[in-house]
Amino acid sequence: MTIKVASVAEIRAIEAAADRAGHSYARMMLRAGRAASSCLQSRMAINDATAALVLVGKGNNGGDGLVMALDLARETVALVRLYLLEARDDQHFRAARDAGLPITLAAEDSDGAILAKWLSEATVIVDALFGIGARLPLRGPAASLLGKIANTLGQVQPPASAGEFVSVCAPANRERRRPFVLALDCPSGVDCDDGRVDANTLAADATITFIAAKPGLLTFPAAGKVGELVLSQLGIPPDLPALQALSTSLVDGELARSLLPPRPLDGHKGSFGKAMLVLGSPNYIGAVALAGEGAARSGVGLVTVAASRSRINSVSSRLREPTWLPLETDDGAISQRASETVAQAAQAYNALLVGCGLGLHDSTRAFLRRLLAAKSLPPLILDADALNALSQQPEWWQSLPAESIITPHSGEMARLTSLSTARINADRWQVAKFFAAKWQVVVLLKGAHTIIAAPTGETSVIPFKTDALGTAGTGDVLAGLIAGLRAQGMSAYDSGRLGAYLHASAGMIASQEVGSSRSVIAGDILAALGSAFLRIEGA
């Protein structure tokens with residue numbers, strides 16, 4: 001099952017197409033409400049002390065909430081209460097009323113006494129006010145209602161930190177001192193297209209979104225309000241043309257497993273490919289070890305590190321697996337004369353990574369220009385200082401071989417595009433797509449969430465967001481990992497997708513193993529790669 005990413009307009013078109021194909025709106029609403037109920041039940045131990053406060057809006061999102069409320073009341077012993085933003089008189093409201101669920105209309109609770117009482121007793125809050133239909137900024141009763149709840153929750157404990165995307169429900173098994181907040185489709189007050197957030201938006205512990213993921217849920221600041229992101233496709237067949245036409249997808253464990261290079265038991269180092277890495281400078285010795293080990297742990301058969309002899313001497317005793325290619329230097333930096341050495345040796349390799357810790361000495365810039373002018377190079381991955389050096393060359397992209405991969409963070413992307421970092425961060429999706437097509441390279445735009453864009457327009461997003469990766473050296477690990485996967489015969493786009501997923505998954509695992517994301521270092525990411533592979537293989 002490929003998880004697609006769709007804008008609000010695309011979701012509405014898919015819903016209309018599904019309705020025409022026999023999957024009616026009424027049926028989709030029933031499935032949405034029941035899926036939300038099931039999701040909540042799998043994340044909490046529901047008992048007779050459970051009190052669920054369901055916030056119900058006037059539209060379809062409120063209808064989803066009513067279906068969920070009735071299902072939860074029928075299937076569990078929870079006390080389920082409905083707080084309506086506006087009056088409703090549809091079949092789902094009448095069913096909930098006839099079932100005896102306590103109901104309060106906001107207009108009839110002018111002093112907020114009932115809301116305050118129900119909030120104080122709630123162990124669960126369900127946000128079913130707006131979903132994808134919110135218009136920012138929120139105004140009137142909606143802003144007032146959410147503001148009161150957010151303030152109340154803030155007095156108890158700050159909002160939960162964002163978690164990892166999962167496509168199936170799994171128990172959370174955690175003790176809580178405040179209500180668990182579940183948002184239906186989208187936390188109310190989030191723009192599901194661009195990620196803007198109203199000041200009154202509740203931070204959810206989990207968001208169950210429907211049919212496809214929305215770009216706004218994977219864009220900050222909204223991504224910080226989503227919590228764990230869960231998807232229900234509502235029974236819509238994946239071959240529905242309107243769904244198939246979407247060019248953006250989310251990389252989950254199932255997709256990552258399908259991308260893994262084959263690993264025959266009779267394989268040998270020759271059959272698993274060879275990667276060459278051109279790395280290091282006097283100021284960035286660690287990049288050699290981090291990228292080198294990242295490549296080695298990718299499953300590639302052989303890694304060769306091309307660096308100055310002093311860099312090799314500094315790390316070879318610690319990093320025993322690669323072979324080494326000493327390069328000529330000028331003032332301690334790689335000399336332009338080394339371009340011929342690398343170009344000739346690289347002919348025997350399946351991927352070539354250039355850039356990690358390379359430095360920006362004049363001789364190294366000249367080395368890169370001469371290397372890219374070589375008649376033939378293996379598939380190329382460019383990172384860090386290679387990108388910074390390229391950014392100073394007019395129309396630099398014309399010197400890159402076809403199917404090259406570049407791995408910039410927002411600052412490096414700003415230098416490559418002459419756009420501001422703020423402009424890039426404000427529209428990461430479109431920036432990555434546009435320049436991948438313009439430059440005819442795979443753009444892996446690092447960040448939370450990392451975006452991988454192909455020249456064809458295909459785009460993927462990595463579902464993890466963790467500050468564990470916000471430390472020096474993690475980008476070197478990622479670049480080495482991608483180079484190792486590329487050397488195993490993967491396409492440029494797929495090696496970027498799988499590499500970024502493994503890298504982020506390792507960051508999540510390292511946070512758990514170290515005990516705090518604050519204390520994770522790049523070496524912890526390397527140590528967690530085996531567990532990340534194992535997690536994917538069992539997906």
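## Strands β18 and β19

Strand β18 (residues 442-445) and strand β19 (residues 451-453) pair in the antiparallel sense, over three bridges. This comes from a predicted model. Within that pairing, Val 443 has Ala 453 of β19 as its bridge partner. The two strands form a hairpin with five residues between them. In this hairpin, Gly 447 takes a positive phi near 150°.

β18 also pairs with strand β17 (residues 405-406). Here the sense is parallel, and there are two bridges. Val 443 is the bridge partner of Ile 406 in this pairing. Val 443 therefore bridges to Ile 406 and to Ala 453, as strands of a sheet pair through backbone hydrogen bonds, either parallel or antiparallel.

## Side chains of β18

In a regular strand the side chains alternate between the two faces of the sheet. β18 shows this: Val 442 and Leu 444 point one way, Val 443 and Leu 445 the other. Are these four residues buried or exposed? All are buried.

## The whole sheet

β18 and β19 belong to an open sheet of 11 strands. The order is β1-β9-β20-β19-β18-β17-β16-β15-β10-β11-β12, and the pairing is mixed. Which strands stand at the edges? They are β1 (3-4) and β12 (323-327). Each has a single partner strand, so one side of each is left without a neighbour in the sheet.

Further along the order, strand β15 (residues 351-354) meets strand β16 (residues 380-382). These two run parallel and are joined by three bridges. Leu 353 stands opposite Ile 381 in β16.

## Helix α18 on the sheet

Helix α18 (residues 474-487) holds Ala 483. The helix lies across β10 (274-278), β15, β16, β17 and β18. Its direction is at about 165° to β15.

Ala 483 is buried, with a relative accessible area of 0%. What does Ala 483 touch, leaving aside residues up to four places away in sequence? The contacts are Ala 275, Ala 351, Leu 353 and Ile 381. Pro 379 is 104 residues from Ala 483 along the chain, yet their C-alpha atoms are separated by 8.9 Å.

## Helix α18 against α19

α18 also packs on helix α19 (residues 492-514). The angle is about 135°, and the axes are 9 Å apart. The two helices are therefore oblique to each other. α18 passes α19 in a right-handed crossing.

On the α18 side, the residues that meet α19 are Thr 474, Val 477, Leu 478, Leu 481, Ile 482, Leu 485 and Arg 486. On the α19 side they are Ala 492, Ser 495, Gly 496, Leu 498, Gly 499, Ala 500, Leu 502 and His 503.

Helix α2 (residues 25-43) has 19 residues, which should span 27 Å at 1.5 Å a residue. Its end C-alpha atoms are 27 Å apart, which agrees. Buried residues in α2 include Met 28, Met 29, Ala 32, Gly 33, Cys 39, Leu 40 and Arg 43.

Helix α3 (residues 60-75) has 16 residues. From its first C-alpha to its last it reaches 22 Å, close to the 22 Å expected. How many of its residues are buried? The count is 12 of the 16, so α3 is largely enclosed by the rest of the structure. Among them are Asn 61, Asp 64 and Asp 71, along with Gly 62, Gly 63 and Gly 65.

Note on methods:
Residues numbered from 1 in each chain as written. Predicted model: local features only at pLDDT ≥ 70, side-chain atom pairs only at ≥ 80, totals over all residues. Heavy atoms only, no water. Buried < 20%, exposed > 50% of the residue type's maximum accessible area, 1.4 Å probe, protein only. Pairing = 2+ DSSP bridges. Contact = heavy atoms within 4.5 Å. Expected span 1.5 Å × (residues − 1). Axes fitted to C-alpha atoms, helices over the stretch in contact; angles between N-to-C directions. Parallel < 35°, antiparallel > 145°, perpendicular 65-115°, else oblique. Left-handed = near helix turned anticlockwise from the far one by under 90°.
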